[in-house]
Amino acid sequence: MVTRHETYDLSAQNTFGMKVSCRLYVEVTEPEDLLTLDFDALPQPVFVMGGGSNLLFTGDFPGTVLKFAGALPPNDPRGLKALSDFCTSKSPGPGRAPDGAIASLQVPEEILVKVPAGVVFDDFCAWAASEGLWGPENLSLIPGEVGASAVQNIGAYGVEAKDIIDTVHAFDHTTRSFVDIPGADCGYGYRTSLFKTDWKGRYIITSVTFRLSTVPQPKLDYGGVRKAIEKRIEDMGSETYATLGLSEGGAHLWEGRRSQSDRRVSVPIPSIPEESLTPQFIRDTVIGIREQKLPDPKEIGSAGSFFCNPVIDRDHFERIVAIAKAENGPEYEVPHYEVGERVKVPAAWMIDQCGFKGMRLGGAQVYPKQPLVIVNATGKATPEEIVALEQRVIGTIREKYGVELHPEVEHVSSQVTEKQ
Ligand code: EPU
């Protein structure tokens with residue numbers, strides 16, 4: 001089904017809550033509907049939108065916003081139910097696969113799940129965890145839809161979408177044909193892909209095939225995930241505790257009440273073997289971490305991380321270390337991650353060091369709990385205020401550290417969308 005709206009208010013379509021409109025809004029529900037659209041006859045430019053969770057409309061959009069909602073049942077437009085319905089069998093196991101959702105089976109421990117572009121990405125994460133399937137659990141609670149995850153190569157806690165993307169299915173409006181693009185050909189990098197650069201505006205992603213694993217693959221070594229898991233187990237308290245059930249099926253994390261007849265062995269928390277964790281446990285832990293520091297888009301407008309974390313030369317990093325030690329004392333350690341010969345320094349740290357936490361400019365604010373995020377604090381912030389705060393941050397970081405911050409949020413301007 002194709003629905004068209006002239007001069008359409010986009011406030012509810014972008015998580016930043018910018019009160020902007022577009023000249024034409026076209027929503028398409030079935031991939032085949034795309035064949036009925038004459039792209040050249042639409043008001044230009046045409047901007048394809050996903051969940052609207054990583055965008056900043058910098059003003060009213062004079063062209064067409066095209067939203068591919070994906071093949072979702074009409075009564076449950078965005079839910080986990082849609083995914084469960086799509087994947088008709090709910091119990092995939094090694095060597096077995098849910099009907100309909102599987103493109104092919106490569107090895108017994110892997111299944112390929114084809115998910116419509118309009119499914120909320122976190123619903124997919126929830127579904128995978130509930131099925132005990134490994135892959136997207138570290139990406140839990142990232143806002144946005146499946147289609148956009150393949151454009152943006154979303155990432156969190158040491159996992160990126162590209163790690164689990166097998167194939168991207170899309171409509172190429174220049175040739176009016178449907179194509180299957182292997183993930184390896186999508187030019188994935190840190191929060192980027194060819195869909196954002198050379199292929200911009202060409203493809204409309206209709207579904208994504210993800211490669212999930214039926215065998216444990218916990219990734220705990222990034223961003224405090226391991227610590228949070230240990231803390232969660234500790235917080236279960238004296239009555240409820242975690243122990244290892246050493247059953248024939250192997251070790252598993254067990255949560256239950258201590259009783260005299262219980263002969264299961266309690267082990268020191270740090271020695272919990274990784275194979276004892278479930279994707280659901282990791283998902284719940286990641287959700288806990290995110291909820292503590294990131295704003296809930298339902299309550300306060302934002303588009304997640306506003307800036308990318310810069311990667312700089314080692315010499316440059318040493319100069320930053322010198323500045324930080326001069327300000328904070330000789331013992332001070334600058335958080336960083338090695339990226340080959342270079343060094344990734346958290347933008348959040350630099351923004352924090354420059355005293356921006358909680359700073360407001362009109363309705364725009366640097367989020368106090370995670371300064372990498374800019375929020376629409378009053379619900380009435382204008383695009384101009386957000387951009388002014390962005391520029392203030394970029395200018396200050398440039399001056400103090402000689403680092404050029406780049407926005408992670410895609411800026412959709414009144415003329416064209418800007419390449420990152
Ligand atoms: N930090 C401070 N002060 C603060 C907050 C953080 O100094 O107030 C420092 C800390 O040292 C912290 C470091 O900054 O360890 C990094 O912070 P954090 O891990 O919270 O965030 P990040 O690595 O900068 C990235 C992604 C997030 C993702 C997290 C977790 C980008 C642009 N952002 O942030 O993605 O959730 O890692 O993996 O890469 C998103 O894309 O919308 C998003 C939230």
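1. Four strands make up an open sheet, ordered β1-β2-β5-β3, with mixed pairing. Its edge strands are β1 (2-9) and β3, each of which pairs on one side only. From one strand to the next the twist averages 25°. Strands here are DSSP runs (E, at least two residues), as helices are (H or I, at least four residues), and both are numbered from the N terminus. Two strands count as paired if DSSP finds at least two bridges between them. For the angle, axes are lines fitted to C-alpha atoms, for helices over the stretch in contact, and values run from 0 to 180 degrees between N-to-C directions.

2. The model is predicted: local features need pLDDT of at least 70, and side-chain atom pairs count only at pLDDT 80 or more, while totals for chains, interfaces and linings use all residues. Residues are numbered from 1 along each chain as its sequence is written.

3. In general, strands of a sheet pair through backbone hydrogen bonds, either parallel or antiparallel.

4. P45 belongs to the loop between β2 (21-28) and β3 (46-49).

5. A three-strand open sheet has the order β15-β17-β16 and antiparallel pairing. β15 (311-312) and β16 (337-339) are at the edges with a single partner strand each, so one side of each has no neighbour in the sheet. Two bridges connect β15 with β17 (residues 342-344) in the antiparallel sense. Here I312 is opposite V343 in β17.

6. L141 is not a glycine, yet its phi is positive, at about 70°. This residue sits in the loop between α2 (121-130) and α3 (146-152). The cut-offs are 20 or more other C-beta atoms within 10 Å of the residue's own for buried, 12 or fewer for exposed, and partly exposed in between, with C-beta atoms placed from the backbone.

7. R191, also not a glycine, has a positive phi of about 55°. The loop between β10 (177-182) and β11 (203-213) holds R191. R191 counts as buried because 21 C-beta neighbours lie inside 10 Å.
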